[in-house]
Amino acid sequence: MLDKFGIAAALQEIASLQELKGGDNRFKARAYRSGARAIAGYSGDIGEVITQNELTGIRGIGNALASQITQLYTTGKSSVLETLREEFPPGVLELTAVPGLTLSKIRTLHEALGITSVDELKAAAEAGLLRNVKGFGPKTEQSLLQSIRDNSKRASTNRRLHMHLADRIAVPVLEYLRTHRGCEDVSISGSLRRRKETVGVIRITAAAKKPGALIDHFLRFPLIVRTEEQGDTTCTVELLEGARVSLTVVSKDRFPMALWATTGAVAHVARVQQFAVQRKIKLDIENFVASGRALRSEADLYKRLGMQFIPPELREDVGEIQAALTGKLPEDLIALEDIQGMVHCHTTYSDGVNSVAEMAQAADAMGMKYLTITDHSPTAFYAGGVKPDRLKQQWDEIDEVQETVKVRLLKGTESDILADGSLDYPDNILEKFDVIVASIHSRYKMNGEQMTKRILKAMRQPVFKIWGHALGRLIERRPPFECDVEKILDAIAESRAAVEINGDPYRLDLEPRWVREARKRKIRFVVSVDAHSTGALNNVRYGVSIARRGWVRKSEVLNTRGVKQFMTAVRPTD
């Protein structure tokens, strides 16, 4: 019998082996990988779901997957996995990560030298054994050795994970650590706890009576494919999906200090240390202790230094320490529970995957007070923009759905900001919407001066509008477009406009530094979801994270208000 982590690991292995087979098997691989994520992240009793034959009720799990999961749970084996393992030599998944090592070469090496891992391959290459194998030679041997070294270097500068992916990977790891009876406390730390847009290493800090025992327990986590580093109280591993996880374990009395030291940006931690020296308080980061009595919490550390508590998201050394010393740090930062309405939502009327009714029902289930239906405008033809003649149909449908849900449905648009700065739809239509999100979706490569003029004209339009995903960035895919952001923010401060903090985890736009600049100008914000599906309504948590990193207070966010107040605030016309 396997637990959910063992089941997930087996499903991941099936997916990887299916990908190696290629062809149509890649589609099967996708399904198994999705199933692995669903099982690892399932918060209920997986055994109960299996015994009651309700696996297919979990999103992403069909009948074929359910059959294999049931086999794994009851017998510890999978007929699909056993068949796949027979087709490939041992260690094939690890070895295929080495550039230049094809499947046929892996089979040859296994038959000739019994090689089943990268470490064995490296040892054989260094000993000069590969050159004697048919199909290899001195050049191939050196090439493979160099590939192994290059892979090792790349591991230390690994790909960065988007925040939501890091969250998804971290949750099962935390849950697994908590299954060890010696684990007294555990928390995400590092850049993920600071809610950075991308994460290089998922850092976790834990407390245990016997740190070494918890380290050993962690190293048995089924999704680990490689241990990079291991010590008495720390270790770093690579998971099957390529993510790197670093665990630090300390005694209970050192946990607050360790959590603080492993959370803050290097510059923040260093500056606090410098200030502590001035106060004659010693902070020993390596041993996670502070002079004097033991710390009860991170708040206790800041209090001892005469500072306000600095939330994790603010620990970046961008002025938060001085603000905390002078009592000017916002103490009412926006929180997830403050959000009353979902803003910037798409349906099947443009490029959304769910209907108006499905989006409304999902928002209802979340306890939201209102939901803005803001499908694309006509110019966004590639996204099925809603032409004026279809607006009446959409609005009639919204009215019909409204009769079936509690959440207030608001009729809106994500209106394209056209090349000349005008808004899509004529004025007489714009004025009839409940809410307008104004965004750029084309001609991103305008020079900075042209783009600035374009956005200035849009923001100065007399209708109230929300500047959507302001700088058009797609994290790690498309940089922000060029424009004079401060000049635009100055204009917004004087116009009828607000700024969106976009919760789409691939956008998260505006970035925190510009959010802080907008705050200086007393500009109002909307934390949006930019949801193209019911599941994407959960993007709100990522928008809130970015807002907090921008020091945004609850009172500065329009969709923390009730229905009537929000509608009054965003109504296009006075």
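User: In what order do the seven strands of the open sheet lie?

Analyst: This is a predicted model. Strands of a sheet pair through backbone hydrogen bonds, either parallel or antiparallel. In the open sheet here the pairing is parallel, and neighbouring strands are turned by 30° against each other on average, direction ignored. The order is β10-β11-β12-β13-β14-β15-β16.

User: Which are the edge strands of this sheet?

Analyst: An edge strand of this sheet pairs on one side only. That holds for the strand of residues 341–345 and for the strand of residues 525–528. They are β10 and β16.

User: At about what angle does helix α17 run to β11?

Analyst: Helix α17 is made of residues 356–365. It lies across three strands, β10, β11 and β12. Its angle to β11 is about 150°.

User: Which residues have the most contacts inside the largest nonpolar core?

Analyst: In soluble globular proteins, nonpolar side chains tend to be buried together. The largest nonpolar core in this model has 148 residues, and its largest share, nine residues, comes from helix α1 (residues 4–21). The residues with the most contacts inside the core are Ile202, Leu371 and Trp467.

User: How many residues are in the other core, which lies apart from the largest one?

Analyst: Ile310, Leu314, Ile321 and Ala324 are among the members of this other core. Its number of residues is 29.

User: Is α2 parallel or oblique to α4?

Analyst: Two packed helices are described by the angle between their axes and the distance between the axes. For α2 (residues 25–40) and α4 (residues 63–75) the angle is about 55°, and the axes are 11 Å apart. Angles under 35 degrees count as roughly parallel, so α2 is not parallel to α4 but oblique.

User: Does Arg244 count as buried or exposed?

Analyst: Arg244 is found in strand β7, residues 244–250. Its relative accessibility is 12%, and buried means under 20%. Arg244 therefore counts as buried.

User: Which residues of β7 point the other way from Arg244, Ser246, Thr248 and Val250?

Analyst: In a regular strand the side chains alternate between the two faces of the sheet. Seven of the seven residues of β7 are buried, so β7 is largely enclosed by the rest of the structure. Arg244, Ser246, Thr248 and Val250 point one way. The residues pointing the other way are Val245, Leu247 and Val249.

User: What is the bridge partner of Arg203 in β7?

Analyst: Strand β4 (residues 202–208) runs parallel to β7, and six bridges join them. In β7, the partner of Arg203 is Ser246.

User: Which residue takes a positive phi in the hairpin of β6 and β7?

Analyst: Strand β6 (residues 234–239) runs antiparallel to β7, with five bridges between them. The hairpin has four residues between the strands, and the one with a positive phi near 95° is Gly242.

Notes. Residues numbered from 1 in each chain as written. Predicted model: local features only at pLDDT ≥ 70, side-chain atom pairs only at ≥ 80, totals over all residues. Heavy atoms only, no water. Pairing = 2+ DSSP bridges. Helix = DSSP H or I, 4+ residues; strand = E, 2+ residues; numbered from the N terminus. Axes fitted to C-alpha atoms, helices over the stretch in contact; angles between N-to-C directions. Contact = heavy atoms within 4.5 Å. Core = buried A, V, L, I, M, F, W, Y, C linked by side-chain atoms within 4.5 Å. Buried < 20%, exposed > 50% of the residue type's maximum accessible area, 1.4 Å probe, protein only. Parallel < 35°, antiparallel > 145°, perpendicular 65-115°, else oblique.
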